[in-house]
Amino acid sequence: MASRCSVAALKRRFPLFDTWRLTSSLTSSSSSSSSLAGELKSQISKLKSPGRTATAVVQDWVSQGHKVSVPQLRRISIQLLKSKRFDHALQVIKCIENQRNYRMSPVDHVIRLESMIRQDKMLEAEEYFENLTDTASRKAACVALLHGYVMARDVEKAEELMQKLGGLGLVVSPNLYNDMMRLYMGTGQFGKVPLVIEKMRSNKVPLTVLSYNLWMNANAKLSGVGSVEVVYKEMVSDENVQVGWSTLSTLAGIYMKAGLVEKAKLALSNAEEKLSNCNRLGYFFLITQYTSLKSKEDVLRLWGASKGVAGRIPSTNYMHIVLSLVKLGDIMEAERIFREWESNCFRYDVRVSNVLLGAYMRNGMVEKAESLHKYALDRGGCPNYKTWEILMEGRLKNQNMDGAVEAMKQGFVMLQDCHWRPSDDTVMAFADYFERHGKFEDANWYIRVIHNLGFASLPLYKSLLRMHSSAQRPASHIFMMMEKDRIKLDDETSALVDSLNVYVLAVTRQDTSSFVQKPGRNGGKFFNLILQSKSCKRLCCAPAIYLEVAGSFIIGTSRTLLNQASSRGVVSVSIRFTSAIFSTILAHTPIHPAAMSTKPMLSPPKKCFSFSPLSKILRFSLASFAAFSFSSPFSENALITAGTH
């Protein structure tokens, strides 16, 4: 919705960084100014680097001697909103807001609020709304704020806002009530929808087509078809609204869910009579419903009728009809329409070819699918995550594992930018393949990617643990990822962890003496082994064994530290490295004797102790030795030895 600004307001001149020049509305409407504005919009639309802002682009534009008007900037910000470039839309609207002697219009406030809400800045949006002073701006902005609550499904805040607006006398638009009904439908609170209708009537707010459609859907959930038909009859008798294809489509959908096929077909037939010859949207709503009714004849008839609407048919419409025919099982007709699209398209939209690609794979037509994929690439199609998902699952089904792994790797690259996630069966199929063929590098890469994306599971970790256990390889990185993912161990996993910890400790025993003799050379190796034995959330080994190794390590470290410190007078790089290892061990070991027991340690203590001053290290080592004496045969000799050094 555009706001009407007075000519005087459009003629107001204001500086931007001392160089901004505002033109009149007459100038901004000229072809030359429109062309320049289009160029400015193009420059902002190309912004990708987070270091470059829309504000900087506008500033550079003006400093180059170009002119720009408020209406032009407003149009740019609205277009950026539609393109989901919410951060840049906000930056452009701030360019308007920061001008001297210019008062923001209600639409400007709405654009700013919408930009903030879309960036999940609800707290800032709420504060901004509260600071609005004039009634017109608050009245316009409250719709955007309520819409934000609806998107977040925050019923409590939405109801609180409605109550506040009602107290101020600002709830006069049916849009606010419609948003509340949408919120109640989305959260399953169908019983509240009729209450909103009653509120609208008591406040003398007229019902819209959307109001009636939402009311009909709510009644279908609450009391069935009979109450829906009562609402529909009331709508027909309402002189303020006109029954269109959307209402009849809603009614048909309710009949279909109730199993009343003949009534649904009659409603759809009536809806066809309401279709516009200026817009194709209604045609494809009805095509979807005829597809659900398995009526291919009606689908093709409506597709032919939609071509009578003026203008070029977009790729999304072709995708829609091809998908409908695939669902109806007519792949040959889908291929014919696909070829029609190919002959007319300016840009190869891979979403259209994906529909056929999926149909081929699901029906075992693998060669056709692979051929279509290659052809789409040759035509300049850019595969999206859906392309790789189809290829990945199809190749898995046909045991083409090398091709499936390639598709999986390509698809996982795109997971950061979309909400798609592969199914659990697909995830485990790759894990089983890596395990059967002993592909350690691929398996470790695979688990790290899935861990970072946040959908790792116990079966997946078990597969990798089995690989490491059978090959007797350290698995500290797996333990750390399991701990971060808060994976709960079952008996099988506990047994795997036991076997891996026993292996680590066996190697650790062999390396302890060599570390004490040559800490600089062997410290890193021993340090890694100790971490491997402690990184698991549940240390499944005998504590006496671990404490014996750790105790020997601490004595050797302390002796080496003292000898080197006394001979050199300073703490060398080697000593600092050894101190770091020593501190890490202490940070993973309970200091207080009461904390020691024969049970495995579940997790490291929260407090990590400093290791810089040598005296502190020795004090902690003595405290550790005292703790060891309560649960390990390693006791008095350790204390005496440490004390003498």
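Predicted model: local features only at pLDDT ≥ 70, side-chain atom pairs only at ≥ 80, totals over all residues.

Reader: How many helices and strands does the protein have?

Author: Helices (H or I, at least four residues) and strands (E, at least two) are DSSP runs, numbered from the N terminus. By this assignment the protein has 34 helices and zero strands.

Reader: What share of the residues counts as buried, and what share of the contacts links residues 24 or more positions apart?

Author: Buried means under 20% relative accessible area, exposed over 50%, and partly exposed in between (1.4 Å probe, protein chains only). Of the 645 residues, 48% count as buried. A contact means heavy atoms within 4.5 Å. Among contacts with a separation of 6 or more, 62% are made by residues 24 or more positions apart.

Reader: Which residues have the most contacts inside the largest nonpolar core?

Author: In soluble globular proteins, nonpolar side chains tend to be buried together. A nonpolar core is a set of buried Ala, Val, Leu, Ile, Met, Phe, Trp, Tyr and Cys residues joined through side-chain atoms within 4.5 Å. The largest one here has 157 residues, and those with the most contacts inside it are Ile-44, Phe-129, Phe-430, Tyr-446 and Leu-460. Leaving aside neighbours within four places in sequence, Leu-460 is in contact with Val-427, Met-428, Ala-431, Tyr-446, Ile-447 and Ile-450.

Reader: How is the length of a helix checked, and where do the buried residues of helix 22 fall around its axis?

Author: The expected span is 1.5 Å times one less than the number of residues. Helix 22 (residues 366-378) has 13 residues and reaches 18 Å from its first C-alpha to its last, close to the expected 18 Å. Its buried residues are Ala-369, Leu-372, His-373 and Ala-376. Seen down the axis, the buried residues of helix 22 fall within an arc of 100 degrees, so they line one face of the helix; the arc is that of the directions from the helix axis to the C-beta atoms. On the other side of helix 22, Glu-367, Lys-374 and Asp-378 are exposed. The cover over the buried residues of helix 22 includes helix 20 (331-344), helix 21 (350-362) and helix 23 (385-397). After helix 22 comes Gly-380, with a positive phi near 95 degrees.

Reader: Why is helix 7 described as largely enclosed?

Author: Ten of the 13 residues of helix 7 are buried, so the rest of the structure largely encloses this helix. Among them are Asp-108, Arg-112 and Glu-114, as well as Ile-111 and Leu-113. The elements covering the buried residues of helix 7 include helix 5 (70-82), helix 6 (86-97), helix 8 (122-130) and helix 9 (135-152). Helix 7 is followed by Asp-120, whose phi is positive, near 60 degrees. In helix 8 lies Glu-124, which is partly exposed with a relative accessible area of 43%. Glu-124 and Leu-113 are eleven residues apart in sequence and 8.8 Å apart in space, C-alpha to C-alpha.

Reader: Which residues of helix 18 are buried, and what does Ser-306 touch?

Author: Asp-298, Val-299, Leu-302, Trp-303 and Ser-306 are the buried residues of helix 18. They cover an arc of only 135 degrees around the axis, which puts them on the same side of helix 18. Ser-306 has 0% relative accessibility and, not counting residues up to four places away in sequence, touches Arg-280, Tyr-283 and Phe-284.

Reader: At what angle do helix 12 and helix 13 pack?

Author: Two packed helices are described by the angle between their axes and the distance between the axes. Axes are lines fitted to C-alpha atoms, for helices over the stretch in contact, and angles run from 0 to 180 degrees between N-to-C directions. Helix 12 (residues 192-202) and helix 13 (residues 209-223) pack at about 145 degrees, with their axes 9 Å apart. In this contact, residues including Ile-197 and Met-200 of helix 12 meet residues including Leu-214 and Trp-215 of helix 13.

Key. Residues numbered from 1 in each chain as written. Heavy atoms only, no water.
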